[in-house]
Amino acid sequence: AVAGEGQRRKARGVGVDAKLFLQLADQRDFGGFTAFDLAAGKLPQPGKRLAFRSLGQKHAAPFIEDAVADLATLGFPHVVGLVLAPHYSGASVGEYQARAAEAAAAAGIGHTPVLRWHDEPAYREFLASAVADALGELPQKTKVVFTAHSLPERVLEGDPYPDELSASAEAVAQAAGLDRWAGWSMAWQSAGATPEPWRGPDILE
């Protein structure tokens with residue numbers, strides 16, 4: 001978010017609960033400023049970028065709407081929604097972002113969604129390194145099975161989730177030096193106990 005005059009006033013404590021400010025402010029350094037600098041009145045010039053975090057959850061408090069409302073209360077004119085699931089699905093990431101966008105609109109602030117980040121090089125490098133490290137302690141012919149949360153087949157019609165998962169698995173396997181058939185495969189997990197078909201094969205199969 002970009003610090004404007006309204007944010008500078010609110011950061012000084014005008015009309016903002018100090019406990020809320022300190023609770024939500026990210027205390028790491030961003031562009032030479034921390035939350036404690038701001039609370040002490042050491043404010044960046046207008047146009048300086050500040051980054052604050054606020055956690056919003058889908059099924060339990062604090063909810064997505066609460067997180068957006070808190071940031072709006074602190075005076076931020078724009079929020080970026082980042083779901084901690086790297087692969088996009090309309091039934092998961094899409095719903096999170098839709099709720100964030102609706103809450104932002106109600107608060108009169110902007111919203112930018114990060115829809116996917118499974119193809120970020122640093123993320124794939126991290127996974128490949130983790131796979132290689134784990135295999136170093138296992139028998140030579142160990143096979144790696146990449147798994148993901150299953151979703152109902154009706155939800156996956158036209159959804160990019162399966163393709164993005166496959167792309168991630170293939171990229172990580174290649175980086176880790178795994179053979180396509182003998183070295184790795186894919187499976188699904190955590191299917192719901194409903195009569196409708198869910199994507200498989202299940203990891204237990």
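## Basis of the description

The model is predicted, and local features are taken only where pLDDT is at least 70, side-chain atom pairs count only at pLDDT 80 or more, and totals for chains, interfaces and linings use all residues. Residues are numbered from 1 along each chain as its sequence is written, and side-chain values use heavy atoms, with hydrogens and water left out.

## The chain as a whole

The protein chain has 7 helices and 4 strands, where helices (H or I, at least four residues) and strands (E, at least two) are DSSP runs numbered from the N terminus. Read from the N terminus on, these elements follow the order α-α-α-α-β-α-β-α-β-α-β.

Of the 205 residues in the protein chain, 33% are buried, a term that means under 20% relative accessible area, with exposed meaning over 50% and partly exposed in between (1.4 Å probe, protein chains only). Among contacts (heavy atoms within 4.5 Å) between residues at least 6 apart in sequence, 65% join residues at least 24 apart.

## Helix α5

Helix α5 covers residues 93-107, and its 15 residues reach 21 Å from the first C-alpha to the last, close to the 21 Å expected at 1.5 Å a residue; the expected span is 1.5 Å times one less than the number of residues. After α5 comes Gly-108, which has a positive phi near 75°.

Within α5, the residues Val-93, Gly-94, Gln-97, Ala-100, Ala-103 and Ala-104 are buried, and the buried residues of this helix pack against α4, β1 (78-82) and β2 (110-114). In general, an α-helix has 3.6 residues a turn, so residues three or four places apart point the same way.

## Where α4 meets α5

Helix α4 (residues 64-73) packs against α5 at an angle of about 35°, and their axes are 9 Å apart; the axes are lines fitted to C-alpha atoms over the stretch in contact, and angles run from 0 to 180 degrees between N-to-C directions. On the α4 side the contact involves Ile-64, Glu-65, Val-68 and Ala-72, which meet Tyr-96, Arg-99, Ala-100, Ala-103, Ala-104 and Ala-107 in α5.

The residues of this contact divide into 8 nonpolar, no polar and 2 charged, where Ala, Val, Leu, Ile, Met, Phe, Trp, Tyr, Cys and Pro count as nonpolar, Asp, Glu, Lys and Arg as charged, and the others, Gly among them, as polar.

## Ser-168

Leaving aside residues up to four places away in sequence, Ser-168 touches His-87, His-118 and Arg-124.
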